[in-house]
Amino acid sequence: MELIKKKKILLLELLGFLILNVLTFCMAAKHIATVDWIVKETSYTRLCSTKKILTVNGLFPGPPMYMRRGDRLNINVRNKGKYNVTIHWHGVRQLRNPWSDGPNYVTQCPIKPGANFTYEIVLSNEEGTLWWHAHSDWSRATVHGALIVLPQLGKSYPFAKPHKEFPIVLASWFKGDVMEIIETALESGGEPNKSDAFTINGQPGDLYNCSKQGTFKLVVDYGKTYLLRIINSIMNEEMFFMVANHSLTVVGTDGAYIKPIKTSYIMITPGQTMDVLIKANQAPSHYYIASRAYAGLVYDNTTTTAIVQYSGKYTAPSTPSFPNLPNYTDTNAVTNFTRRLRALATKDYPVDVPQHVDTQMYITISVNTLPCDDNSCAGPNGSRLSASLNNISFVEPSIDVLQAYYKRIKHVYESDFPNKPPYYFNFTGDDLPDTLLTPDQGTKAKVLDYNSTVEIVFQGTNVQNAAENHPMHLHGYSFYLVGYGFGNFNKKTDRKKFNLVDPPEVNTIGVPTNGWAAIRFRADNPGVWFMHCHLERHSSWGMDTVLIVKNGRTRLSSMLPPPRQLNPC
């Protein structure tokens, strides 16, 4: 009897253990929703003419996504268009999961026409406004949309809850086929065509031909506060943004909260997002929202508009009030806005700025040229336009770098991207020698140890008299913007001025024209991560590189294995 009793107890313990494991498995295997997206061509009419554009589910901008902090979501993308495509979840860290990050030939081979791929979006500490976009050639011009990360259930914003929220997506509109535009430019070696208009939520606005009827209207109630989730998805221009007669309060940028900034305008680079509060406290009427470029070397000088329209009965003006936007070349306006960005840095939203660094990198950013036979190309003096980081112009490989790294495939990339430029000179000088024009070409990556601390100083250059503001974006990470300035970076004096207390945590920064910007981060996300200029023409010319973060010593500090389905190259 005693033996039978012991066996029963053992069986009960075993049953309990099995039940506990089943429950644990069920909790771990929490159902992850899957959403289906169709990439297809859709006809749209803008600027008096109709053309087919690449869209997701027929929408421009694409469908907005709403998730909560820490959520996971699968999106099955089926390509019914005529070009290869991939999708990037801009600002999502994708912890240990570079397989779903999206850049073409960096972390995946493209989704070819007729094929599909399922992305797994893994949120961690992101909260605020992010976005998604195509990351293959120039298809992101029309394939993009908002990705809104709300607080966890039961949590609130670190500011009073607004009455309503509105995504505001700034974009470029080209009369021609954007894919043909970049293909033609790369073949000829010259500049690609500028956009013909900017848009706000898909509409150019009153100042363009055939556009007044569709102008986006933001309907507000007097006395209420609204949250604008502003996204710059524009291809090649940084933008000023204002609302006539209304103050703006910036409370977040790139999926992280900041100390509130009250301002009359913002400057937002391609790739950046900003959370902006606006109070409807003016006399009920119509007021223009307006946005135009901060000048680069080549830029679209048009102005896109929308309208803040108060509800209620009143006599609408024949022309809404117009904001006094900063001038195209107002670098002081850019600097005065950027210098005010500070992380919220509270108990609920802490910062963890590396105080000491293991790896220091000094990366020069240049627009270059490559020689052409018989000087037959459309670039300067018959050359071909190029671009580089540390004088290396990135060459897209034939298979993706991530697969090559994971499977140890040789001769796809080299792991010797340098920590500093090959030679030093007056980077921001006016008359630089022609010997600086031609970069090396290659598919080079920088390898970092897991959990190491990293400092990168991006140094703008005036090679080819082509200095401009460069929005640098790093996949897989948010980083701290600890310092910036004009001229050449001085490691002895400038480093002493770094903000290591409450720098903004961002994923995209504008490196000042003929200046520098310094970032710090901890390399705690293993995988292969793209780093590039978010001016699309610069990225197309090779202003890119790859960071490879090695695995840590545990399973949870190591990259996830690849999904079952990987698209062939």
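**Ground rules**

I'm working with a predicted model, where local features need pLDDT of at least 70, side-chain atom pairs count only at pLDDT 80 or more, and totals for chains, interfaces and linings use all residues. Residues are numbered from 1 along each chain as its sequence is written, and side-chain values use heavy atoms, with hydrogens and water left out.

**Entry: the sheet**

I looked up an open sheet of four strands and found the order 3-8-7-5, with mixed pairing. For my own record, strands are DSSP runs of E with at least two residues, numbered from the N terminus, and two of them pair if DSSP finds at least two bridges between them. Strand 3 (65-68) and strand 5 (87-90) are at the edges with a single partner strand each, so one side of each has no neighbour in the sheet. On average, neighbouring strands here are turned by 25° against each other, direction ignored; the axes behind that angle are lines fitted to C-alpha atoms. I then checked strand 3 against strand 8 (residues 144-150): they pair in the parallel sense over four bridges. R68 has L150 in strand 8 as its bridge partner.

**Entry: disulfides**

How many disulfides does the structure hold? I get three, taking a disulfide as a pair of cysteine sulfur atoms within 2.5 Å. Counting bonded cysteines along the chain, the pattern is 1-3, 2-6, 4-5.

For accessibility I use buried for under 20% relative accessible area, exposed for over 50% and partly exposed in between (1.4 Å probe, protein chains only).

- C48 and C210 have their sulfur atoms 2.0 Å apart. The S-S torsion is about 95°, so this disulfide is right-handed. C48 is in the loop between strand 1 (34-46) and strand 2 (49-56), and C210 in the loop between strand 10 (197-200) and strand 11 (217-220), so the pair ties together parts 162 residues apart in sequence. C48 is partly exposed at 46%, while C210 is exposed at 59%.
- C109 is joined to C569, S to S 1.6 Å. With a torsion of about -55°, I log this disulfide as left-handed. C109 is in the loop between strand 5 and strand 6 (116-122) and C569 in the segment after strand 32 (544-549), so parts 460 residues apart in sequence are tied together. C109 is buried at 2%, whereas C569 is partly exposed at 34%.
- C372 is joined to C377, S to S 1.9 Å. The torsion is about -80°, so this disulfide is left-handed. C372 and C377 are both buried.

I also looked up C533, which is buried at 0% relative accessibility.

**Entry: rings**

My pairing rule takes Phe, Tyr and Trp (its six-membered ring) with centres within 6.5 Å; planes under 30 degrees apart are stacked, over 60 edge-to-face and the rest tilted. The count by this rule is 30 aromatic pairs. One of them is Y44 with F60, edge-to-face at 6.1 Å centre to centre and 80° between the planes. Y44 lies in strand 1 and F60 in the loop between strand 2 and strand 3. Y44 is buried at 15%, and F60 is buried at 7%.

Next I checked F489 and W516: centres 4.8 Å apart and planes at 70°, so edge-to-face. F489 and W516 also belong to a cluster linked by ring pairs, together with Y362, Y423, Y424, F425, F427 and F498.

Terms used:
Axes fitted to C-alpha atoms, helices over the stretch in contact; angles between N-to-C directions.
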